[in-house]
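Have the viewer open as you read.

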Amino acid sequence: MSVRTAVVLAAGEGTRLRPLTHNRPKPMLVAANRPILEHVLDALVEAGIERLVLVVGYRRTRVQDHFGSSYRGVEIEYVVQHKQLGSGHALLQAADTVSEPMLVVNGDRLIEASSVSEVMTAFDDGSAAATMAVIEHANTSRYGVVSLDGTTVTEIIEKPETDEFRLINAGIYAFDETIFETISETPRRSGELALTDTISKLIDERAVRGCRIDGLWVDATYPWDLLSVASEVLERGRASERERSDGIWIDDDARVHEDATIRPPVAVGSNCEIGPGSVVGPNVALAANTTVGANVTLERSVVDADSRIGHASTLVDAVLGQDVHLGVGTVIPGGPGDVRIDREIHEDQPLGAVLADRVRVGGNVSFEPGTLVGTEAEIGGSCHVRDRIPEGAEVVR
Amino acid sequence: MCGIIGCIGRGDRTVETLVHGLEKLEYRGYDSAGIGVVGDGLSVSKTAGEIEALSQKLSEQSLAGTVGIGHTRWSTHGPPTDENAHPHQDCTGRVAVVHNGIIENYQELREELSAAGHRFSSDTDTEVVPHLIEDALDAGAQPEAAFRSAIDRIDGSYAIGALIEGTEALFAARNDSPLVIGLGLDADGDGSAEMTGDGPHFIASDVPAFRDYTARVIYLDDGEFARLDGGVSVTDSDGLPVEKSVETITWDAEETGKSGYDHYMLKEIHEQPRALRQCLSGRIDELGGAVDIEAVGDLSPSGVQFVACGTSYHAGLYAAQLFNQAGIPAQAFLASEYASSPPPVEDDLVVGITQSGETADTLSALREAANRGAETLAVTNTVGSTAARECDHALYIRSGPEIGVAATKTFAGQLAAVNLLSLATVEGGQTRRDVVPALRDLPGDIQHILDSSAASEVAEIYADSNAYFFIGRRYQFPVALEGALKLKEISYEHAEGFAAGELKHGPLALVTPNTPVFAIAIGDDDAARKTVGNIKEVEARGAPVVAVTDGRNDAAMYADYVLEVPETHPRAAALLANVQLQLLAYHIANDLGRPIDKPRNLAKSVTVE
């Protein structure tokens, strides 16, 4: 029987992406002006999925407000995971809604329709209890790694300490409806139910088929990853705005001054304004309703909706959240820089600065590479900012 | 109010299609419902109560037919009972009729028909119609002619659908009440889907009733008749064919789902950032400080009269302030009063504000103004609505479909639209440079409130109060009125809004420690300082105070709780304060367990006067 239903896990915050996830779950972070989750739903719809079940939790209204009751003509049903107790627990929330074989995907990673189709076909062909996508990846230590014997999965290990593995769990699965029972029977670890533990159980008790995929697969783990995710989307021509010329996508309602220069690839969302003398690109995505003043230089940066960039600002390697207002002459000169995430220092990362939602910046402020500024922080004029500025902080010179 | 639906060409899915349509129309009324179908014979099923009660009844009683009509009722003549539910029938059960509107001469028709031996089984005005049709049939008229002759006899407002036994056709007529025809099975509206001459075709009071099946519609005009059989033919009152244009609806049926929310109202509150983006899209230019709206660009009124009802009236009060500030005399009128006692219009522009574009009181006020030679403008959410078609100009607020009976996102859209109106017609360059950036910030600022509002906590604290008062000054005064109306509508609690300065002239006597006062204090100007003074008056009488403020004045110092809004231009702040009050009303009503999307006694678009 062919799979027609997909369950999408979109309830998690993505704590390593703080402060960008303060107001929204990780799947709603933007990849070239559209939420990552929207790209995921594209892949599912294009692969022929006819019913979407979204598991939502953390800041769930953001998902509901964006997608409403359907996406590209496919009905969406929402189920709520009130406490985020692991991916297995998230899937279990769909038990009362789904009673047929299903595809299960993570909502926070960019995937392609072809990968989804391959998993669906492999599941239909085989007699395995479950099918999962696996992909070669350079950085296996962040993910669950997988050992294969032919097409049979023999082992799955979360975040291994050795680097002898090449294949990782790509987060696309096909299960029959007995998966809910199997999850319920899986022992919890420190109160959480990980889907990979249930898959290990299936490997031991039944059989799990591995399906190798090699299409686009991009994950954002840290804030600076959003820059490469956007570049990847633009490089593959996946922008949603109208393509005006090669690599330049500008929405019909956007206003770009005739004396502005756009250097591809660039995506400009609806109702954006770009002032005279500005140079935008390469690798820039401006989401809806942002204003770029006059004589601004923007390079390798992503700017979320409703932000305002003052005249004569320079932004390189910058990640801006929603509704960020930058004064005249703001300077983010770009990476590499050292970034502090929790207690860890990530050295020489290609990051100018991350400014989370609703940060307000006065005129003539400069940022040292690798700076993270929390939501609603206010930075007074002529400051030089570095390291981390907590949420709501007020910085004066 | 009331909603009607009809369909032909749906085969054995006829009943299912009708019930689905009624569910989508439930916002127009929900105190009784019914359907009728023609198959081998004509059968009717109807009951007091919501659509669910009808579905229950239908599960026990199977109705078969290929042409059908349905109705969901908001009582005007006679209480909500099984007998008063539509469809209504003649003495012999050969005719079934659904009707939205009011038949003004029904009393004399009823007496005449009774004298001729007709037996009436309901208290409704509608029931005269099937009996009139019966009379004509008995006199030998063909079904269509019988229907036309019955309609010729009635005066008043109506959208009517009728079935006649033995006739595989649906008859419809319209006067002063909305009626749309849906064509074929073409949900994408691109003509690619099934578009055969055989239908199916639909009639309804409003597009959502059949939007799942087709996006292609014909808006019937007053005095027109339609016959739906294999095809659709529209004729005027003399029976001559009318060439109608087919229009394509641009929003999806899915926009009218609840998207994982418990109530449409909360969903629609959350849709405000998107609704405002749509409202403003392509109309403003921040860097250039310009506003460009084709529909009103050439107007330069020397005076403006706003006519509206309910929430829209509050938008009218706000709009009048904008024009007065700009030196153009302006006044807001309650439409029902305006129609009964119209002021002189001279060269004034008369602006009707109506979400649905079908509000009967507003339409009559606009017609009254037009009769006196005024230029008219409709500010509405509904393309193709009566107000939009009858007025000289139409400014669309582009909020998308609103289903919750309590207006939320469309009030925001109205406030944004009247800002565009005043900026585009009478306000100068400096005002535009100040206000346009603030309008452009609205979606982000409202998202800010949605992400961080403390309204649900405040609601929980005060959900058990005796009464609720709202005060505001200048742009915030209409918001105070609207905050109180929202709370009344959905919580059934007593709430009143006052101009802040008016409190001490009487209403202060109502204030006690068990009547929280919600005070809107924005900015640091004179108006804000005076409002803070009024807050102190209230606080001194022991009433709890909740300040809705941007923190630029001392309101928070005297308040028990604060609902914050981002700093912006005071004109834009009115929309932000309103979002906090919408959330407050929602959460109070929710804590009290009220049926938020279907408040008792109310309906969304009020198409009777």
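## A strand with both faces covered

V517(B), A519(B) and A521(B) point one way from strand 24 of chain B, F518(B) and I520(B) point the other way, and all are buried. Buried here says that 20 or more other C-beta atoms lie within 10 Å of the residue's own, with 12 or fewer counting as exposed, anything in between as partly exposed, and the C-beta atoms placed from the backbone. Strand 24 of chain B covers residues 517-521, and five of the five are buried, so the strand is largely enclosed by the rest of the structure. Strands and helices are DSSP runs numbered from the N terminus (E, at least two residues, for strands; H or I, at least four, for helices).

A quick note on what you're looking at: this is a predicted model, where local features need pLDDT of at least 70 and side-chain atom pairs count only at pLDDT 80 or more, while totals for chains, interfaces and linings use all residues. Residues are numbered from 1 along each chain as its sequence is written, and chains are lettered from A and ligands numbered from 1 in the order in which they are written.

## Its neighbours in the sheet

Strand 24 of chain B pairs in the parallel sense with strand 22 (residues 468-472) of chain B over three bridges; to count as a pair, two strands need at least two bridges by DSSP. F469(B) is the residue opposite V517(B). Strand 24 of chain B also runs parallel to strand 25 (residues 545-549) of chain B, and five bridges join them. There, A521(B) stands opposite T549(B).

To get from strand 24 to strand 25 of chain B, the chain goes through helix 16 (residues 526-540) of chain B, making a right-handed β-α-β crossover. Right-handed is the call if, with the strands pointing away from the viewer, the path from the first strand over the helix to the second runs clockwise.

## A buried helix and the cores

Next stop is helix 4 (residues 128-138) of chain B, where 10 of the 11 residues are buried, so this helix is largely enclosed by the rest of the structure. The cover over its buried residues includes strand 5 (88-89), strand 6 (95-103), helix 3 (106-115), helix 5 (143-153) and strand 7 (156-164) of chain B. Just after helix 4 of chain B, G140(B) takes a positive phi of about 100 degrees.

One of the buried residues in helix 4 of chain B is I133(B). Leaving aside neighbours within four places in sequence, I133(B) is in contact with D90(B), V95(B), A146(B), F147(B), A150(B), A162(B) and I164(B); contact is C-beta atoms, placed from the backbone, within 7 Å. I133(B), F306(B) and A519(B) touch the most other members of the largest nonpolar core, which has 202 residues. A nonpolar core is a set of buried Ala, Val, Leu, Ile, Met, Phe, Trp, Tyr and Cys residues joined through C-beta atoms within 7 Å. Helix 17 (residues 570-591) of chain B gives this core its largest share, 14 residues. Another core, of 136 residues, lies apart from it and includes L29(A), A122(A), V145(A) and W249(A).

## Domains of chain B

Chain B splits into domain 1 (3-255), domain 2 (257-448) and domain 3 (453-597), with bounds from an automatic or database domain assignment. The C-alpha centres of domain 2 and domain 3 of chain B are 24 Å apart. Contacts link 29 residues of domain 2 of chain B with 24 residues of domain 3 of chain B. On the domain 2 side, helix 13 of chain B supplies the largest share, nine residues. That side divides into 16 nonpolar, 10 polar and three charged residues. Nonpolar covers Ala, Val, Leu, Ile, Met, Phe, Trp, Tyr, Cys and Pro; charged covers Asp, Glu, Lys and Arg; the others, Gly among them, are polar.

## Chain A and where the chains meet

Chain A has domain 1 (5-219) and domain 2 (243-395), with C-alpha centres 32 Å apart. Eight residues of domain 1 of chain A are in contact with 15 residues of domain 2 of chain A.

The contact between the chains takes 23 residues from chain A and 21 residues from chain B. The chain A side divides into four nonpolar, 12 polar and seven charged residues.

Notes
Contact = placed C-beta atoms within 7 Å.
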